[in-house]
Amino acid sequence: MLKFYNTLSGQLEDFRPLREGEVGIYSCGPTVWSFAQIGNFRSFIFADILRRYLEFKGFRVTHVMNITDVEDRIIARSQENGITIDEYTAQYIEALWEDFDALGCARPHVVPRATRHIPEMVNIIEQLIERSHAYKSDGSVYYRIGSFPLYGKLSKINLAGNVAGASERIDTDRYEKEDVRDFALWKAAGSPEEIAWDTSLGRGRPGWHIECSAMSMKYLGETFDIHAGGIDLVFPHHENEIAQSEGATGKPFVRYWLHAEHLKVDGETMSKSKGNYYTYRDLTALGFSPVAIRYFLLSVPYRKQLNFTLEALGGVEKTVENLQDFHARLIETRTEPGTNSILNKAVKRALEEFELGLDDDLNTSVALAAIHTLSREVNTALDNCQLREDDKREVLALIERFDSVLNIFGRVEPPMLDEEVQRLIDDRQEARRRRDWSRADAIRNDLSHRGILLEDTRDGVRWKRR
RNA sequence: GGCGGCGUAGCCAAGUGGUAAGGCAGAGGUCUGCAAAACCUUUAUUCGUCAGUUCGAUUCUGACCGCCGCCUCCA
């Protein structure tokens with residue numbers, strides 16, 4: 001039975017979707033003011049695993065992820081550059097998809113942008129005003145927190161306890177609010193040149209939280225199954241989404257709230273000022289492969305803080321290479337017809353453990369351990385020539401199933417060898433037959449310098465690019 | 001001040017009231033002409049510290065030390 005830890009209840013719960021066999025997921029996407037950093041990608045990869053595992057379990061999934069393309073930083077930077085916000089965000093949206101694809105994330109089925117859903121937001125705000133959950137003030141519209149008694153049910157925020165100590169962050173809204181806790185649904189335009197939309201609410205732009213209420217309900221319905229995002233979004237973002245959505249519809253908004261913990265770097269918070277801030281692009285520039293980055297980010301259950309170090313990523317690079325070598329070796333191996341019952345059992349057990357792990361609130365560590373165990377067992381069988389045709393087919397099919405969720409093996413495409421290299425390999429084989437070891441080693445060395453590694457196996461020469 | 005997460009071998013870490021998954025790195029070995037790959041063995045008498053509960057705690061409780069979040073727009 002698939003179980004998720006639901007932030008709302010604070011407990012592990014059996015997952016049962018609203019409609020048999022179907023699941024709607026809304027995951028909070030990026031604010032496209034810059035290149036996404038690896039912490040963002042941990043969240044995105046988590047959402048990707050969530051979606052893929054639900055599909056693995058046979059659900060028909062609709063995955064919606066928003067793109068926040070209007071926000072203070074975006075407005076400020078586009079103005080500095082003298083371009084529109086669409087022009088400004090276009091470059092980062094394009095980069096986002098490049099990174100997304102490279103990291104092996106399936107693109108969400110629907111990717112709504114805030115700026116394309118202003119009428120939907122205005123519509124909800126009007127409903128909120130009608131129901132006295134919101135009020136106008138100086139051209140802006142605020143949510144009246146006092147009107148929603150359940151406010152705080154997600155984040156368990158204790159408003160009384162927050163008055164005293166509080167954080168140093170201060171409220172920056174300039175307008176009159178009935179209560180300091182009230183938050184903006186609609187911000188009146190300050191000056192004529194400011195980015196704004198003319199609507200029935202007046203000229204202005206939406207507050208941050210309203211876009212997710214509007215877009216999730218538009219594509220998934222007023223009540224839907226899963227809402228996912230980073231843990232920092234629990235308060236105020238998701239708390240406010242609940243207040244807005246349930247205030248407007250009078251119906252429960254989301255059934256399961258799933259939140260991914262943060263990534264640390266060298267044991268510290270990642271921040272630009274600390275100099276430990278990495279985008280995906282920073283890591284590939286250092287020579288790390290996308291699949292290793294993906295593996296690292298998914299290797300620990302999503303609710304655990306994960307400590308990123310370059311040393312650890314270097315280790316994962318090797319792990320991933322070993323898995324891919326294993327996969328390639330399996331594909332290349334020649335087998336005799338038949339079945340080996342030992343392998344048959346190994347395959348069965350691997351699948352069981354994989355599923356047991358992921359059923360338990362997506363414990364990817366356990367799932368990966370099952371894969372490594374299988375890899376070792378199959379390698380042993382290969383060493384001992386015990387792998388038969390049926391086993392090979394079964395194991396390859398299983399790897400494909402595993403990869404439909406984790407996407408860490410990837411496709412094995414035989415890279416083209418150029419003729420000269422092939423001739424050198426042939427020459428070396430000829431030299432080896434003559435037992436001319438110095439000649440054979442010289443060729444191997446030469447190829448190694450060109451980044452081509454040779455392995456002499458029972459079935460002939462294997463080679464790979466480094 | 002309120003709410004939450006964490007501290008497990010050199011590194012990344014899973015985990016459970018019954019005596020420590022997995023990966024990387026290290027050491028030794030098998031295989032190999034030598035390598036590589038693979039496999040085998042090995043690497044925490046112990047899970048931040050100190051108490052308590054228990055037949056038994058890394059796992060529960062309390063205190064302490066250290067680290068990381070959230071408390072109005074940051075995944």
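This is a predicted model: local features need pLDDT of at least 70, side-chain atom pairs count only at pLDDT 80 or more; totals for chains, interfaces and linings use all residues.
Leucine 263 has its bridge partner, leucine 306, in strand E14. Strand E12, residues 263–265, and strand E14 run parallel where they pair, and three bridges connect them. Both belong to an open sheet of three strands, ordered E13-E12-E14, in which the pairing is mixed. At the edges lie strand E13, residues 268–269, and strand E14, residues 306–308, each of which pairs on one side only.

Let me now turn to the domains. Chain A is assigned domain 1 at 3–260, domain 2 at 268–406 and domain 3 at 419–465. Taken over C-alpha atoms, their centres are 29 Å apart. Domain 2 brings 10 residues to the contact, and domain 3 brings four residues.

How much area is buried between domain 2 and domain 3? The value is about 550 Å², and carbon and sulfur atoms account for 26% of it. On the domain 2 side, Asp325, Glu332 and Arg334 together provide 57% of the area buried against domain 3, more than any other three residues.

The polar side of this interface deserves attention. Three salt bridges are found across the interface of domain 2 and domain 3. In one salt bridge, lysine 464 is joined to aspartate 325, with 2.6 Å between the closest N and O atoms. As for polar contacts, three residue pairs are counted between domain 2 and domain 3, with both residues at pLDDT 80 or more.

Which elements give two or more residues to the side of domain 2 that touches domain 3? They are helix H10, at 310–332, and helix H12, at 364–383. Helix H10 gives the most, with five residues. Sorted by class, that side of domain 2 has six charged residues, three nonpolar and one polar.

I close with two points of backbone geometry. Most residues other than glycine have a negative phi, and most peptide bonds are trans. Against that background, phenylalanine 235 and proline 236 are joined by a cis peptide bond, with omega about 0°. Proline 236 is located in helix H7, residues 234–249. Serine 132 sits in the loop between helix H4, at 118–130, and strand E5, at 134–137.

Notes
Residues are numbered from 1 along each chain as its sequence is written. Chains are lettered from A and ligands numbered from 1 in the order in which they are written. Side-chain values use heavy atoms; hydrogens and water are left out. Domain bounds come from an automatic or database domain assignment. Contact means heavy atoms within 4.5 Å. Buried area is the accessible area (1.4 Å probe) that two parts lose on being put together, summed over both. A salt bridge is a side-chain nitrogen of Lys or Arg within 4 Å of a carboxyl oxygen of Asp or Glu. A polar contact is a pair of N or O atoms within 3.5 Å; within protein, one must be able to donate a hydrogen and the other to accept it, and residues adjacent in sequence count only if both atoms are side-chain atoms. Helices (H or I, at least four residues) and strands (E, at least two) are DSSP runs, numbered from the N terminus. Ala, Val, Leu, Ile, Met, Phe, Trp, Tyr, Cys and Pro count as nonpolar, Asp, Glu, Lys and Arg as charged, and the others, Gly among them, as polar. Two strands pair if DSSP finds at least two bridges between them.
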